[in-house]
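Dear colleague,

I am handing over the structure below, and I would be grateful if you could look at it alongside these notes.

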Amino acid sequence: MFKWISTKDRLPKDGQKVLFYGDFDFMVGWYYPDDKYWMPIASDSILYQQEVTYWTELPEPPEGDNNV
């Protein structure tokens, strides 16, 4: 089971792919601490920190059949 981490408590490591949440919805992407922005994987847009409230580490991918 994963645990949600408040962006007020801690931010992900630079370039760490995570699941994050805010007023917009859930998204997977990265946080860039030097520039203080979030970048969703499937988007050209940047989400600034005030829009992201929680994040969590992604689980390990499943083992076995890669055709799923």
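What follows is a description of the chain as a whole, and then of some individual residues.

The model is a predicted one, in which local features need pLDDT of at least 70 and side-chain atom pairs count only at pLDDT 80 or more, whereas totals for chains, interfaces and linings use all residues. Residues are numbered from 1 along each chain as its sequence is written, and side-chain values use heavy atoms, with hydrogens and water left out.

**The chain as a whole**

The chain has six strands and zero helices, where helices (H or I, at least four residues) and strands (E, at least two) are DSSP runs numbered from the N terminus. Along the sequence the pattern is accordingly β-β-β-β-β-β. Of the 68 residues in the chain, 26% are buried, a word used here for a relative accessible area under 20%, with exposed meaning over 50% and partly exposed in between (1.4 Å probe, protein chains only). The accessible surface of the chain comes to about 5,400 Å², and carbon and sulfur atoms account for 50% of that surface; the areas come from the Shrake-Rupley method with a 1.4 Å probe, and for residues only the protein chains shown count as cover. Among contacts (heavy atoms within 4.5 Å) between residues at least 6 apart in sequence, 44% join residues at least 24 apart.

**Aromatic residues**

The structure holds five aromatic pairs, a pair being two rings of Phe, Tyr or Trp (its six-membered ring) whose centres lie within 6.5 Å, with planes under 30 degrees apart counted as stacked, over 60 as edge-to-face and the rest as tilted. In one of them, Trp4 and Phe26, the ring centres are 5.8 Å apart and the planes meet at 35°, so the pair is tilted. This pair links distant parts of the chain, since Trp4 belongs to the segment before strand 1 and Phe26 to strand 3 (residues 26-32), 22 residues apart. Trp4 is partly exposed at a relative accessible area of 30%, and Phe26 is partly exposed at 47%. Tyr32 and Tyr37 form another tilted pair, at 5.2 Å centre to centre and with 40° between the planes; here Tyr32 is partly exposed, at 28%, whereas Tyr37 is buried, at 17%.

Trp4, Tyr21 and Phe26 form one aromatic cluster. Tyr54 lies in strand 6 (residues 52-57) and, with 37% relative accessibility, counts as partly exposed.

Ser6 is placed in strand 1 and is buried, with a relative accessible area of 12%. Leaving aside its neighbours within four places in sequence, Ser6 is in contact with Thr53, Tyr54 and Trp55. Thr7 is in the loop between strand 1 (5-6) and strand 2 (17-22), and at 12% relative accessibility Thr7 also counts as buried. The side chain of Thr7 reaches the backbone oxygen of Val52 at 3.2 Å.

Gly29, in strand 3, is buried at 0% relative accessibility. The C-alpha atoms of Gly29 and Lys17 are 5.3 Å apart, although the two residues are twelve apart in sequence. Not counting residues up to four places away in sequence, Gly29 touches Gln16, Lys17, Val18, Phe20, Met39, Pro40 and Ile41.

Lys36 sits in the loop between strand 3 and strand 4 (37-40), where its phi is near 55°, a positive value in a residue other than glycine. With 52% relative accessibility, Lys36 counts as exposed.

Leu58 is in the segment after strand 6 and is partly exposed, at 33% relative accessibility. Beyond residues up to four places away in sequence, Leu58 touches Lys17, Val18, Leu19 and Val28.

Methods
Polar contact = N/O pair within 3.5 Å; in protein donor to acceptor, adjacent residues only side chain to side chain.
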